[in-house]
Amino acid sequence: MFEKILIANRGEIACRIMDTARKKGIKTVAVYSVADATSRHVRLADEAYEIGAAEASKSYLNADAIIKVAKKSGAEAIHPGYGFLSENADFADKCEKNNIRFIGPTGAAIRLMGLKDKAKEVMASAGVPVVPGYDGDNQDEKFLKNKANDIGYPLLIKAVAGGGGKGMRLVEREDDFLEALKSAKREAKSSFANDQVLLEKYLSKSRHIEVQVFADMVGNAVYLHERDCSLQRRHQKVVEEAPAPDLSDDMRYEIGETAIKAVKAIKYRGAGTIEFIVDVEHGLKDAPFYFMEMNTRLQVEHPVTELITGLDLVEWQLRIGAGERLPLNQKDIKLHGHAFEVRLYAEDPDNEFLPQTGILNYFTTPPISKNFRLDTGIEQGDEVSIYYDPMIAKLIVWGESRSEALRHMRKALKDTAIAGLKTNLEFLYNIFDHQAFNVADFDTSFIDKYTNDLINTKKSPSVPVLVLSALSELMPHNQGHDIWDRSDGWLLNLNLTVTINLVMKNQTYDIGVTYLKHDFNIEISGKIYHVNLLSHHQNELTLLLDGTKTTGKVIKLNQDLTVFYEGSVTYLHHYIPGADRGDDHDEDGSILAPMPGKIQQIFVKNGQAVIAGQALLVLEAMKMEHTLKAPFDGTVKDLSLSADIQVSDGQILLKINQGDHNE
Ligand code: MV4
């Protein structure tokens, strides 16, 4: 076994790998960019070396710098985690050439699985079912259009060098084919420097079921059963679970054995995942399933497999990487219970999931237990920057059954609180609170289909949220004391009413609070509510609201309140005349780039009248599209950009002259 390994990654996965290495008594070497100098993975490592600037290309993707640190530190092996260099065949080869064990498959296996057409050919010849279509080298437009007509519509155009949906186009009708083909090739060329595409029949009602596999260096291979990752948004997985709900034992066996055929066909080594697409047009029972792609790395969602098998997949990677045989035979790998994982992201579902940056001023999660696991790379006070994926943490739960695990996840999400930046917490809660998901009635279209249930952009805050906020604002903010310790005379003047002004989306709510010695009357929009305060501790209040027990958390930063109540998250501002700094958005209506990126589309022109909320342009950044909208009614001016222009963070893109409507 290794004495010392280098983890060529950051964030939660680097911390997670270090956890296992430490348990095995293996020394760990961290590498970090200038932006990560004080991050958690640096603190957890035995040694740490700076390898370059914040941009990943200058640090975590800098293969030579990483190998240099491995040599200097005496690390015998490198664990790449996921993302970054984890599926870079040249890096894997370079490690081996430098006599450093790459903890993963050979460069040859990575290379082979990196191209969808080659991967499909290898799988088909190994007897693994692949989606019907065309994956040859002939890329002539007319030839491909004829092939498309043979396959039938709807069909998918997929970049062979693509992955995760990039360079993928759904074509519903023959007339749309050529334009979609050109668009897919353009994106593939710019993203992968390889514009070759393949065609596939589109399975319009599908489940994404993937099988965790492991193989050692002497030809043994096992499957650690499957994960269902059908809940995706723009090909980013949102929820993963294991095992796949309602999958029969027969089908579990069949899918698992098929995955092993795939692994043996490519002489694989280490941890891997075979992704299948299951055609559930006629239900899941005996449904046809097809090879989609193979991931030659440990995946983000591996914890759900660990929880239902009781195995440590990183430990297996280290042992196999050190040349050991597989620790278990197939018959020894048992399933127990059900697990879910959600990815907590710094993004704003109310604004097209725009990535958020800022300081994590407040971050609390439930206590760790056999039912709750937290994998995170950041702690309270850390910054979420624009340089890396805005994932804050993974919340993972385990229960004896799917319904018990669902309960544990709802509880975990309700007991998680984050303030200082917006997150997808409420969006995640709404998924686990959704009837269709609870009865496992879902497929890959779930998030698109139920978007309006999942992203319930609030028009106004609920009464419990307003009551919790108003009372919280009356507490002395010397933490831990309760309302009775107020030093001012307010509590002595019975029947005195104070008004708290709370603002949400430019709408003000005046909350009248009257103290009645043992309880309160609270007036909202002319209606009186009777409230007993039961307890107030650590930002959490419990009260009786017209006799109903009500508990919530109010986190205050300056005059801004983040309110957590029954899975909902509400952002309010406590307006105190004179205490408020001026609006920080500039009066001249400048539209600034929220982060570095490329102008993808412009919908308006100089002199055009626009209304508040109207889409102005699309910025491509952080692997996603971000639509920038008019902050108020007005007229477009100073627009001099064109598509494909690269813009910097904070750059003025155009201005909206407020109010005037000259065409
Ligand atoms: C498919 C498919 C249906 N039919 N291929 C490929 C990339 C991966 N992220 C999802 N992929 C899919 N490939 C065929 N022939 C369905 C998916 C798919 C999906 C597609 C669109 C939107 C969301 C999706 C979620 C999971 C799987």
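Asp19 is partly exposed, with a relative accessible area of 32%; that class sits between buried, under 20% relative accessible area, and exposed, over 50%, using a 1.4 Å probe and protein chains only. Arg22 is partly exposed as well, at 43%. The side chains of Asp19 and Arg22 meet in a salt bridge, N to O, at 3.4 Å. In this report, a salt bridge is a side-chain nitrogen of Lys or Arg within 4 Å of a carboxyl oxygen of Asp or Glu. Both residues belong to helix α1 (residues 11-23) and stand three residues apart, about one turn of the helix. Helices (H or I, at least four residues) and strands (E, at least two) are DSSP runs, numbered from the N terminus.

A word on the model itself: it is predicted, so local features need pLDDT of at least 70 and side-chain atom pairs count only at pLDDT 80 or more, while totals for chains, interfaces and linings use all residues. Residues are numbered from 1 along each chain as its sequence is written, and side-chain values use heavy atoms, with hydrogens and water left out.

Now to pairs that reach across the sequence. Glu96 and Arg269 form a salt bridge whose closest N and O atoms are 3.6 Å apart. This pair links distant parts of the chain, 173 residues apart: Glu96 is in helix α4 (residues 89-97), and Arg269 is in the loop between α9 (249-265) and β13 (270-279). Glu96 is partly exposed at 35% relative accessible area, whereas Arg269 counts as buried at 13%.

Arg402 and Glu241 form another salt bridge, with 2.8 Å between the closest N and O atoms. Arg402 lies in helix α12 (residues 402-414) and Glu241 in strand β12 (residues 236-242), so this pair ties together parts that are 161 residues apart in sequence. Both partners are buried.

| Salt bridge | N to O distance |
|---|---|
| Asp19 and Arg22 | 3.4 Å |
| Glu96 and Arg269 | 3.6 Å |
| Arg402 and Glu241 | 2.8 Å |

Across the whole structure, a search finds 49 salt bridges. Some share partners, and in this way Glu210, Arg227, Lys237, Glu240, Glu275, Glu301 and Arg343 are joined into one network.

Finally, the cysteines. The structure holds zero disulfides, a disulfide being a pair of cysteine sulfur atoms within 2.5 Å. Cys15 is buried, with a relative accessible area of 1%, and Cys229 also counts as buried, at 0%.
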